[in-house]
Amino acid sequence: MKKFYFFLTALLFTAISFAQQPVLPLDFESTTLNYTFTDFGGGGTVKISNPQVSAGNNSANVARMIKSTGEVYGGSFISLAAPIDFSVNKIFKVKVFSPRVGARLLLKVENETNGAINFEREASTTVANDWEDLTFNYNAISTTNQYQKLVFIFDNGTTGDGSANFTFLFDDIRLITSGGSGLTQMSLPVTFDDITVEYGLLGFAGAEQSTIVVDPTLATNKVAKVIRTNTAETYAGTTITAPAELGFSGVIPFTASATKMNVRVWSPVAGIQVRLKVEAHGDPTQSVETEATVTTASGWQTLEFNFANQAAGTAALNLGFTYNKATIFFNFGVTGAVAGERTYYFDDVRFGAAGGGSSLTQMDLPVTFEGTTIDYGLVGFAGADQSTIVVDPTLATNTVAKVIRTNTAETYAGTTITAPAELGFSGVIPFTASATKMNVRVWSPVAGIQVRLKVEAHGDPTQSVETEATVTIASGWQTLEFNFANQAAGTAALNLAFAFDKATIFFNFGVTGAVAGERTYYFDDVRFGAAGGGSSLTQMDLPVTFEGTTIDYGLVGFAGADQSTIVVDPTLATNTVAKVIKTNTAELFAGTTITAVT
């Protein structure tokens with residue numbers, strides 16, 4: 001018996017010895033690597049099968065952390081097979097699936113034997129119940145030290161409770177070069193809303209927790225959030241720059257008569273000074289600073305900064321310098337010890353005087369969410385408040401509206417298609433006695449639900465008409481036709497004398513979230529006219545590559561292959577392919593027709 005026990009122990013030791021520690025990138029897919037985490041303070045991380053497979057992350061395996069009751073710093077770490085090479089790549093990317101917006105992930109690297117040798121950065125989630133890439137700027141790390149441990153702490157400073165609210169998934173931890181995101185460099189105006197732009201923030205001196213988040217006052221908007229801690233220095237600030245620290249792609253166009261910039265800010269208190277500094281990104285000695293005073297507490301206001309009036313003790317505006325980088329300092333000159341910890345927000349960093357107007361034009365039909373010069377917007381309500389404009393999860397080259405209808409949604413939860421000013425479309429919807437239809441492309445996880453479309457006069461919501469259409473495809477795009485000559489029961493008839501110029505869409509109208517459960521829907525291409533009445537895209541022809549941005553690609557799955565979608569190639573991120581899920585209830589003849597939905 002002793003010999004047999006020794007033999008088993010030897011086998012176990014041999015198996016462990018062959019399970020090598022991983023190296024970057026960390027994707028949890030290998031069967032020969034040891035993905036064992038060491039937990040501390042209430043953190044608990046294990047490798048599991050991916051329970052949230054989607055276009056955002058179709059990996060087979062991911063890491064799951066449950067933060068239970070324990071220390072506020074509870075987390076987990078994993079040791080790598082060799083020290084991390086920061087000689088070239090200094091930007092970490094991590095895919096995260098969070099149950100809520102605003103969850104914070106602290107990513108820390110440590111020396112294998114001396115935890116005092118470390119470097120850390122934190123980023124916040126901007127979406128709930130979906131995968132997103134978080135970015136961690138390690139440009140300032142010392143490359144003379146060696147770091148072999150990766151430490152993960154969610155919501156550092158908050159005690160977990162082991163619930164779904166403190167359960168997180170993460171995957172694909174990798175290093176990239178500065179500027180290696182495929183996004184374009186920021187330029188003014190900085191709105192934090194363009195999905196093709198590489199926005200970034202770098203906080204310092206007590207404002208390190210500077211992140212891009214969903215606007216807490218408007219779910220369709222993104223803003224910068226700055227937590228100024230109670231240990232902040234007088235000069236704690238936030239530099240508006242992507243990880244490469246290049247600032248803006250163009251020079252701020254100051255002239256002798258044009259010396260102003262403006263920024264929308266939100267402060268919990270009035271009376272504080274906000275300083276704005278601009279500089280040449282390659283030479284910080286070429287700079288100019290000025291200040292403005294917050295006059296509104298707990299509300300948004302636009303501050304104007306005139307660089308012709310430089311702050312006391314700082315250099316004057318020099319029109320010979322190439323200013324192309326900006327830093328904002330909330331409550332400048334006051335320490336965190338005096339002020340206490342406070343949270344600020346800012347948005348819409350623009351050149352020119354305050355009130356100078358937006359460079360974007362008002363929406364009009366068709367609404368495609370693609371125009372970079374158009375002021376698209378969504379206002380969700382009654383349980384559809386999480387309505388945002390996102391990359392199409394089935395086609396990475398397309399932009400769509402995403403609606404999360406929560407499990408507390410009212411029967412009338414909906415999404416108004418309007419920019420924040422709530423003006424709707426720039427033109428009146430051209431209804432006539434013989435032209436009473438609109439069409440919308442929609443994606444629903446289930447078939448059989450009613451989708452209601454309502455149009456109204458933006459200045460008089462009593463002038464409205466509503467009608468409905470039924471979703472017939474589950475987990476696939478289809479175009480729904482809405483005929484306003486057939487108004488919904490109990491609502492007003494179409495009145496051609498009214499100036500309808502605003503639209504609202506209601507998914508699963510008439511059913512509460514408590515009955516339906518939380519579901520995510522998408523819509524796109526809101527057009528006037530009958531379905532199939534024309535598209536700005538051209539019809540497919542051979543060869544079908546799924547790459548052309550001007551081509552109307554489409555798939556129609558059936559008989560158990562209904563989940564046929566166009567997605568990013570899981571083996572090559574620069575390629576787009578068709579994905580077919582043939583379910584365990586599929587018929588022998590389950591298939592996918594290569595055709596646009598119209």
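Predicted model: local features only at pLDDT ≥ 70, side-chain atom pairs only at ≥ 80, totals over all residues.
Colleague: What makes E481 and K437 a salt bridge?

Modeller: The term asks for a side-chain nitrogen of Lys or Arg within 4 Å of a carboxyl oxygen of Asp or Glu. The closest N and O atoms of E481 and K437 are 3.2 Å apart. That is within 4 Å, so the pair is a salt bridge. E481 is in strand β32 (residues 476–483) and K437 in strand β29 (residues 437–444), 44 residues apart. Strands here are DSSP runs (E, at least two residues), numbered from the N terminus.

Colleague: Why is E481 called partly exposed?

Modeller: Buried means under 20% relative accessible area, exposed means over 50%, and partly exposed is in between (1.4 Å probe, protein chains only). E481 has 32%, so it is partly exposed. K437, at 28%, is also partly exposed.

Colleague: How many salt bridges does a search of the whole structure find?

Modeller: The search finds 20. One of them joins E468 and R452, with the closest N and O atoms 2.7 Å apart. E468 lies in strand β31 (residues 460–470) and R452 in strand β30 (residues 450–457), so the pair ties together parts 16 residues apart in sequence.

Colleague: Are E468 and R452 buried or partly exposed, and how do you know?

Modeller: E468 has a relative accessible area of 26%, so it is partly exposed. R452 has 8%, so it counts as buried.

Colleague: What about E456 and K454?

Modeller: Their side chains meet in a salt bridge at 4.0 Å, N to O. E456 is buried, with 9% relative accessible area. K454 has 18% and counts as buried too. Elsewhere, salt bridges that share partners join R264, D347, D348 and R350 into one network.

Colleague: Which residue has its charged end over the ring of F509?

Modeller: R452 does, 3.8 Å from the ring centre. The term needs NZ of Lys or CZ of Arg within 6 Å of the ring centre and within 35 degrees of the ring normal. R441 lies over the face of W477 in this way, at 4.3 Å from the ring centre.

Colleague: What makes F204 and F329 an edge-to-face pair?

Modeller: Rings of Phe, Tyr and Trp (its six-membered ring) pair if their centres lie within 6.5 Å; planes under 30 degrees apart count as stacked, over 60 as edge-to-face and the rest as tilted. The centres of F204 and F329 are 6.1 Å apart and the planes stand at 80°, so the pair is edge-to-face. F204 lies in strand β13 (residues 201–204) and F329 in strand β21 (residues 325–330), so the pair ties together parts 125 residues apart in sequence. F204 is partly exposed at 28%. F329, at 6%, counts as buried.

Colleague: How do you know that F254 and Y323 are edge-to-face?

Modeller: They are 5.8 Å centre to centre, with 80° between the planes. F254 lies in the loop between β16 (237–240) and β17 (260–267), and Y323 in the loop between β20 (299–306) and β21, so parts 69 residues apart in sequence are tied together. F254 is buried at 11%, and Y323 is buried at 1%.

Colleague: How many aromatic pairs does the structure hold?

Modeller: It holds 36. Ring pairs link F28, Y35, F37, F152, F154, F168 and F170 into a cluster.

Colleague: Why do β25 and β31 count as edges of their sheet?

Modeller: The open sheet has five strands in the order β25-β28-β33-β30-β31, with antiparallel pairing. β25 (378–381) and β31 each have a single partner strand, so one side of each is left without a neighbour in the sheet.

Colleague: What makes β25 and β28 a pair?

Modeller: Two strands pair if DSSP finds at least two bridges between them. β25 and β28 (residues 414–417) have four bridges in the antiparallel sense, so they pair. F381 stands opposite G414 in β28.

Colleague: Why is I153 called buried?

Modeller: I153 has a relative accessible area of 8%, so it is buried. I153 lies in strand β9 (residues 149–154). Its contacts (heavy atoms within 4.5 Å) include F40, Y73 and R104, not counting residues up to four places away in sequence.

Conventions: Residues numbered from 1 in each chain as written. Heavy atoms only, no water.
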